[in-house]
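Dear colleague,

Please read them with the coordinates open beside you.

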Amino acid sequence: MLPVIELRGGLIAASLLKLPYIQALCLSIVGNILPIPFVLFFFSKLVVFLEKFSYTKPLANWFRKKSGKQQREN
């Protein structure tokens, strides 16, 4: 649901900037799709980084629990 809200917000911003509707729609869709590969690629590295600090470790553990990937105990 959140990408739909972002898309609508982008279209409103584009109308305020007087962009054509088709161009605004294309830019909004590309803007919603473009970050996905980076988030998927760097998310695990971010979680590993967050585990290094005691105050962010609970957040990292919550991310791991939600993603279904538990850290192995060594």
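Helix 3 passes helix 4 in a left-handed crossing, and in this predicted model the two helices pack at an angle of about 145°, with their axes 8 Å apart. On the side of helix 3 the contact is made by Phe43, Val47, Val48 and Leu50, while helix 4 contributes Lys57, Leu59, Ala60, Phe63 and Arg64. Sorted by class, this contact has seven nonpolar and two charged residues, and no polar ones.

Turning to the rings, a search of the whole structure finds five aromatic pairs. In one of them, phenylalanine 43 and phenylalanine 63 have ring centres 5.2 Å apart and planes at 65°, so the pair counts as edge-to-face, for which the angle must be over 60 degrees. This pair joins distant parts of the chain, since phenylalanine 43 belongs to helix 3 (residues 36–50) and phenylalanine 63 to helix 4 (residues 57–67), 20 residues apart. Ring pairs also link Phe43, Trp62 and Phe63 into a cluster, although phenylalanine 43 is itself partly exposed, with a relative accessible area of 31%.

A charge placed over a ring was found as well: lysine 45 lies over the face of phenylalanine 41, at 5.0 Å from the ring centre.

Elsewhere, serine 28, which is found in helix 2 (residues 21–33), is buried, with a relative accessible area of 11%. Leaving aside residues up to four places away in sequence, serine 28 touches Leu7, Gly10 and Leu11.

Methods. Residues numbered from 1 in each chain as written. Predicted model: local features only at pLDDT ≥ 70, side-chain atom pairs only at ≥ 80, totals over all residues. Heavy atoms only, no water. Phe/Tyr/Trp six-rings, centres within 6.5 Å; stacked < 30°, edge-to-face > 60°. Helix = DSSP H or I, 4+ residues; strand = E, 2+ residues; numbered from the N terminus. Buried < 20%, exposed > 50% of the residue type's maximum accessible area, 1.4 Å probe, protein only. Lys NZ or Arg CZ within 6 Å of the ring centre and 35° of its normal. Contact = heavy atoms within 4.5 Å. Axes fitted to C-alpha atoms, helices over the stretch in contact; angles between N-to-C directions. Left-handed = near helix turned anticlockwise from the far one by under 90°. Nonpolar A, V, L, I, M, F, W, Y, C, P; charged D, E, K, R; others polar.
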